[in-house]
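Hi,

Here is the structure I promised to pass on.

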Amino acid sequence: MVKCEETAAKLFLRAAQLKLAEGQYNLAVCYAKGRGVPQDYSRAVELYRKAAGQGHADAMCNLAHCLEKGQGVPQDEEGAFLWFREAFEKKGSETARYHLGRCHFRGIGTLQCASQAAVVLGERVWDLGRSG
């Protein structure tokens with residue numbers, strides 16, 4: 001399994017060197033989890049930022065998690081909130097919608113506001129109700 005992970009990390013590195021957002025994102029995940037490369041949250045954050053800057057929604061969410069938890073960077077809850085909002089509003093990420101609602105509900109990086117959390121999360125509930 002280790003050899004396979006190392007090979008994957010090398011391929012992701014090549015894609016990242018070509019400035020491909022998917023390669024940057026996947027290599028960042030390798031660094032965050034220590035798969036095929038030594039675990040390095042700082043390097044993961046650097047790569048998440050590059051991929052997020054190219055509009056990669058999952059990279060935006062993972063970067064937000066790192067900022068929220070202070071993994072590889074100083075903790076920045078406001079920055080986390082902004083990246084979750086970006087991923088939801090500009091990319092339609094359902095993962096980001098959940099975390100944006102959670103941020104509103106718990107006051108993470110924004111004012112605590114259960115009604116705003118309900119608006120964000122309720123949009124999804126409404127959408128599900130209409131499609132079912």
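Predicted model: local features only at pLDDT ≥ 70, side-chain atom pairs only at ≥ 80, totals over all residues.

By pocket I mean an open set of points, on a 1 Å grid over the protein atoms alone, with protein on both sides within 12 Å along at least five of seven lines; lining residues have an atom within 4 Å of a point.

Residues are numbered from 1 along each chain as its sequence is written, and side-chain values use heavy atoms, with hydrogens and water left out.

The lining of the largest pocket is made up of Val29, Ala32, Lys33, Tyr41, Tyr48, Asn62, His65, Cys66, Lys69 and Gln71. Two or more of these residues come from each of α2 (21-33), α3 (41-53) and α4 (57-69), and α4 gives the most, with 4 residues. By type, the lining splits into 5 nonpolar, 3 polar and 2 charged residues (Ala, Val, Leu, Ile, Met, Phe, Trp, Tyr, Cys and Pro count as nonpolar, Asp, Glu, Lys and Arg as charged, and the others, Gly among them, as polar).

As for the overall fold, the protein has 7 helices and 0 strands (DSSP runs numbered from the N terminus, with helices being H or I of at least four residues and strands E of at least two). The C-alpha trace spans about 50 × 35 × 25 Å along its principal axes.

Now for the helix packing. α3 and α4 pack at about 140°, their axes 8 Å apart (axes are lines fitted to C-alpha atoms, for helices over the stretch in contact, and angles run from 0 to 180 degrees between N-to-C directions). That makes α3 oblique to α4; angles under 35 degrees count as roughly parallel, over 145 as roughly antiparallel, 65 to 115 as roughly perpendicular and the rest as oblique. On the α3 side, Val45, Tyr48, Arg49, Ala51 and Ala52 meet Ala59, Met60, Asn62, Leu63, Cys66 and Leu67 of α4, where contact means heavy atoms within 4.5 Å. That contact has 9 nonpolar residues, 1 polar and 1 charged.

Next along, the axes of α4 and α5 come within 7 Å and cross at roughly 165°, so α4 is roughly antiparallel to α5. The residues of α4 that meet α5 include Met60, Leu63 and Leu67, and their partners in α5 include Trp83, Phe84 and Ala87.

The contact of α5 with α6 divides into 7 nonpolar, 2 polar and 3 charged residues.

Cheers

Notes:
1 Å grid on protein atoms, 1.4 Å probe; cavity = no way out; pocket = protein on both sides within 12 Å on 5 of 7 lines; lining within 4 Å.
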